[in-house]
Amino acid sequence: MAKESYNDLIFQLGDLARDRLPGKPGCPRSMDRVFKAEEAVVASRDQLAAMEQEMNDEDAAFQDFLAHQEEERGGHQAIVTKWKKAVDSVEGKVRGLRKTLTNKRADYRYAQFGLKQMEQKMEDLELITQDAGRLDLARQNLKKNRITQMRLAREIEDLEHQVATALTPFPGQPGAAGILAHKRLLEMEDEQEARKLAHDERMAELDQSIGTQEEAVKASEDYLDQALFLLGEEVYSLRVADAQLAPFYPRLDRAQ
């Protein structure tokens, strides 16, 4: 018969002692460590579950948004089809504007990302150097970047106004209903793009947070295993009198 593992037996003893000894006279002091470790595991798992639920809720909300958009789109599309000639005449005027607007929005998102990076680098630089010249140059570059972003924002606002104006029919204009329906469809495209970008960004953040939290859960579970092992060692050293624990002692004697 193969020799039993000392470490396995100690862990089993600690695990059983956790159930048998709390509240009893002579309960080992290392039991408190086990209690704290268990609390940490529960808290860590609860936090992970909350993150996973938030991810599920975010995805469900996005799917609901898409479903509502699809439902609304059908009604507007029917009106656009009815007034196709009027819509086509307006679309020819706004197609170029919207292409420029799309490009400017992409530039603005890229500029926002770059600005965040520069701001972080500026904060780091202020911590690691007191070189006035180097700090002043970094601040000037940051200022220029902010001004560039503000100009882009104004350009986007101007383009949005031009598009909105071109898609607003004058009173009594033939096909006005179709033009307004087309305008709403274009607005919905913009809304969907913005919502998808926000959704993808949030899902990526949550996925990263969940990965980090999964590691935290694993670490807390490992610590609980260690606490149970130490409890087992203390119980064995004390040879705590208990009908279910006692059979482990001779087995551990032989396993050493």
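**Entry 1: largest pocket.** I sorted the lining of the largest pocket by class and found 4 nonpolar, 1 polar and 7 charged residues (nonpolar: Ala, Val, Leu, Ile, Met, Phe, Trp, Tyr, Cys and Pro; charged: Asp, Glu, Lys and Arg; polar: the others, Gly among them). I note that this is a predicted model, in which local features need pLDDT of at least 70 and side-chain atom pairs count only at pLDDT 80 or more, while totals for chains, interfaces and linings use all residues. Residues are numbered from 1 along each chain as its sequence is written, and side-chain values use heavy atoms, with hydrogens and water left out.

I looked up the volume of the largest pocket, which is about 490 Å³. A pocket here is an open set of points on a 1 Å grid over the protein atoms alone, where a 1.4 Å probe fits, with protein on both sides within 12 Å along at least five of seven lines; lining residues have an atom within 4 Å of a point. Helix H3 (84-128) and helix H5 (176-238) each give two or more residues to this lining; among the lining residues are Arg105, Tyr108, Phe113, Asp190 and Glu201.

**Entry 2: second largest pocket.** I recorded a volume of about 170 Å³ for the second largest pocket. H3, helix H4 (132-166) and H5 each supply at least two lining residues, and H5 has the largest share, with 4. By class I found 5 nonpolar, no polar and 6 charged residues. Arg105 and Asp190 are among those lining this pocket, and both also line the largest pocket.

**Entry 3: helix H3.** I located a kink of about 40 degrees in H3, centred on Val94 (the bend is the angle between axes fitted to the seven residues ending there and the seven starting there).

Note on methods: Grid points are joined across faces, edges and corners, and a volume is the space filled by probe spheres set on the points.
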